[in-house]
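Here are my notes on the model you sent over.

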Amino acid sequence: QVQLVESGGGLVQAGGSLRLSCAASGRTFSRYDMGWFRQAPGKEREFVARINWNRSRTYADSVKGRFTISRDNAKNMVYLQMNSLKPEDTAVYYCAAAPKYTSSYDYWGQGTQVTVSS
């Protein structure tokens, strides 16, 4: 069982930066691949970034070069550094955990709102 709690969302102007954090419970955090997803009003949830147990990373094309995902296994934390934010990045951002070697995100946080003003 893994519990996830996101933080760090807020209101920022276009071009600004935010750093999202995700705190995970449990002693087996290092065995999970971690992802960030987002959902804008009226849209489906979409993949943003993933960092595997071995720290390999994958990004959605829309955020490549602007967002960076990282993890600290000693602290059971996952981060999403978001730079050069655009109004279209406005969404609720969710942290999720998938057992390594799977694509099944079994655990989700409650989400944190990110709003980018133009």
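1. First, a term: contact here means heavy atoms within 4.5 Å. On that basis, and not counting residues up to four places away in sequence, Asn-52 touches Asp-33 and Arg-71. You'll find Asn-52 in the loop between β5 (46-51) and β6 (57-59); strands are DSSP runs (E, at least two residues), numbered from the N terminus. Asn-52 counts as buried because its relative accessible area is 18%, where buried means under 20%, exposed over 50% and partly exposed in between (1.4 Å probe, protein chains only).

2. Some housekeeping. This is a predicted model, with local features needing pLDDT of at least 70 and side-chain atom pairs counting only at pLDDT 80 or more, while totals for chains, interfaces and linings use all residues. Residues are numbered from 1 along each chain as its sequence is written, and side-chain values use heavy atoms, with hydrogens and water left out.

3. Now Thr-115, in strand β11 (residues 112-117). Thr-115 is partly exposed, because its relative accessibility is 29%. Leaving aside neighbours within four places in sequence, Thr-115 is in contact with Gly-10, Leu-11, Val-12 and Thr-90. Thr-90 is 25 residues away in sequence, yet the C-alpha atoms of Thr-90 and Thr-115 are 4.6 Å apart.

4. The aromatics deserve a look. Rings of Phe, Tyr and Trp (its six-membered ring) pair if their centres lie within 6.5 Å; planes under 30 degrees apart count as stacked, over 60 as edge-to-face and the rest as tilted. The count comes to six aromatic pairs. One of them is Tyr-32 with Tyr-107, edge-to-face at 6.1 Å centre to centre and 75° between the planes. This pair links distant parts of the chain, with Tyr-32 in strand β4 (residues 32-39) and Tyr-107 in strand β10 (residues 107-108), 75 residues apart. Both Tyr-32 and Tyr-107 are buried.

5. What is the geometry of the aromatic pair formed by Phe-37 and Trp-108? That pair is tilted, at 4.9 Å centre to centre with 55° between the planes. Again distant parts of the chain are linked: Phe-37 is in strand β4 and Trp-108 in strand β10, 71 residues apart. Phe-37 counts as buried because its relative accessibility is 10%, whereas Trp-108, at 29%, counts as partly exposed. Phe-37 and Trp-108 also belong to one aromatic cluster with Phe-47 and Tyr-105.

Key
Helices (H or I, at least four residues) and strands (E, at least two) are DSSP runs, numbered from the N terminus.
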